[in-house]
Amino acid sequence: MAGLSFLDRERSVAHEGYSRWLVPPAALAIHLAIGQVYAFSVFKIPLTRLIGITHSAPNDWIQSQVAWIFSLAIVILGLSAATFGKWLEGAGPRKAMFASAVCFALGFYISYLGVQAHQLWLLYVGYGVVGGTGLGLGYISPVSTLIKWFPDRPGLATGMAIMGFGGGAMIGSPLAVKLMAHFHTPDNVGVGSTFLTMGTIYFLFMMFGVFTIRVPREGWKPAGWTSMTHAGAMITTHDVEVNAAFGTPQFWLLWIVLCMNVTAGIGIIEQASPMIQELFKGTIGPVAAAGFVGLLSIFNMGGRFFWSSVSDYIGRKPTYVIFLAAGAVLYWVLPYTGGNHWNSVGLFVTVSVVLLSMYGGGFATIPAYLRDMFGGYNVSAIHGRLLTAWSVAGVLGPVLVNYMREYELRHGVDKAGAYQAVLHFMTLLLLVGFMANLLVRPVAQKYWRTGSATEKAA
Amino acid sequence: MAANTNGEGTKSSGVALLVAWLFVGIPLGWGVYNTALSSMKLFQAGPAPAMPAPAPSSPR
């Protein structure tokens, strides 16, 4: 379409004088918006009171039905990232960001129709499928561009963007609460109008990213930087195409690393509020527990920036050694900080926030790890396929935690004791990830893309 | 505007940089501030009530 030609990759090549430091805010505009998905829980209760308003009426949806909207969005995120990653590499970041913004906003608009007509399937299709497609496209769209602009600091650059995904819930949650309060009337919970408004706000916010993003000119590199001076045994100067990368042991080892790290992190996130209350019965109540959840969110976000930046200095593999080895130890120790053992709230909170920082760090450091292994040529597409590990972990984590806990409770273990088994199982998962990370070696020459090196692709 | 092949910034891009970072920084700062306020409850709350109150809506 001629009218949309401004979205073409050729039209988004940076002009002379364009500062590469404009690219992280462009990427943040996308990630801060789509990170709203983590705040979807604020809609859960209002969506179950569309008819009853102050309470759930018999014809209202129930929470377990509404919960599928979020789960569907996360699964589609992974599938969309895996499916459209290769398209994105050709189409360029601006077109992908625009498609992401359209899908994400459309998801809200379709959900608005679903609320007005009280048709739950419209929310599944809208927020879940269409919005989820926008999430996947948006998540990977700035990754390879950031890596090309920051070949000297890929961890820092991708960490800044992916930090935005962690921070998105911090904006989306209070925004949704304030909008629902604004639109609330005696016969309307205000969630429909909130969807409509948020769809529009997020679309406009994401347009800032669309119009600001630029790809570097052919052959551009930072002043004084040469790839060879930074290349070590674990940083390739060659590129691997996405389909070839998919067949390498390195891809699947990193898939396991990400899957185990995310599954373990969800072990805390999923149960954070009840866990701290049950481990410190009589000391920590629901209000303090909500504060604990907020603190975890801050460390989840901060860890994304901190650890990915650290990885630029100590290397990607050692960074994951820290995540997985220290994580395994800390998960083992965590239940002993509770009321039945050491009874130290301070220690419990400290260990938890360190674990959550490493959970976030695992997400943020993986694009740079992929770039080190496979080069920058198809890194967004490879990252997209790797995110299927997140989809699996998103289902596996909560299922493992809930079933293990229920199993323990059925067998007479008290609530605090049940967490011990769950958290110790997380230690085992991290040890599996630790072994997988240790096995990661440079990609064999037979997988290299012929006649190219990373700096040429930039 | 002076040409700068390093992309490290020029006089005009300095303003653009400031605007761009404020555009994303202000909402992010607002979100972090709200979350930090909420997390203070962990340190301010007294002992838990004997009867559990309804759980608040979690941002995650």
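**Confidence.** Chain A of this predicted model has an average pLDDT of 91, and 97% of its residues score at least 70. Residues 454-458 of chain A, however, have a pLDDT below 50, although in the model this stretch has 20 contacts beyond near neighbours in sequence. Where pLDDT is low, the predicted coordinates should not be read in detail.

**Two domains.** Chain A is divided into domain 1, which covers residues 16-212, and domain 2, which covers residues 233-457. The centres of these two domains of chain A, taken over C-alpha atoms, are separated by 23 Å. Where they touch, 29 residues of domain 1 of chain A are in contact with 30 residues of domain 2 of chain A. On the domain 1 side, the elements of chain A that give two or more residues are helix 3 (63-91), helix 6 (143-149) and helix 7 (154-183), and the largest share, 12 residues, comes from helix 7 of chain A. The table sorts the residues on this side of domain 1 by class.

| Class of residue, domain 1 side of chain A | Number |
|---|---|
| Nonpolar | 17 residues |
| Polar | eight residues |

**A pair of helices.** Two packed helices are described by the angle between their axes and the distance between the axes. In chain A, the axes of helix 11 (residues 249-269) and helix 14 (residues 316-333) come within 11 Å and cross at roughly 35 degrees, and this crossing is left-handed. From helix 11 of chain A, Val257(A), Asn261(A) and Ala264(A) meet Tyr320(A), Phe323(A), Leu324(A), Gly327(A) and Tyr331(A) of helix 14 of chain A. The residues of this contact comprise six nonpolar and two polar residues, with no charged ones.

Helix 16 (residues 379-386) of chain A is largely enclosed by the rest of the structure, because eight of its eight residues are buried. Among the buried residues of helix 16 of chain A are Ile382(A), His383(A) and Arg385(A). Lys415(A), by contrast, belongs to helix 18 (residues 415-438) of chain A and is partly exposed, because 15 other C-beta atoms lie within 10 Å, a count between the limits of 12 or fewer for exposed and 20 or more for buried. Leaving aside neighbours within four places in sequence, Lys415(A) is in contact with Glu278(A) and Leu409(A). Lys415(A) and Ile382(A) are 33 residues apart in sequence, and their C-alpha atoms are 42 Å apart in space.

How values were computed. Residues numbered from 1 in each chain as written. Chains lettered and ligands numbered in written order. Predicted model: local features only at pLDDT ≥ 70, side-chain atom pairs only at ≥ 80, totals over all residues. Axes fitted to C-alpha atoms, helices over the stretch in contact; angles between N-to-C directions. Helix = DSSP H or I, 4+ residues; strand = E, 2+ residues; numbered from the N terminus. Left-handed = near helix turned anticlockwise from the far one by under 90°. Contact = placed C-beta atoms within 7 Å. Nonpolar A, V, L, I, M, F, W, Y, C, P; charged D, E, K, R; others polar. Domains from an automatic or database assignment. pLDDT = per-residue confidence, 0-100.
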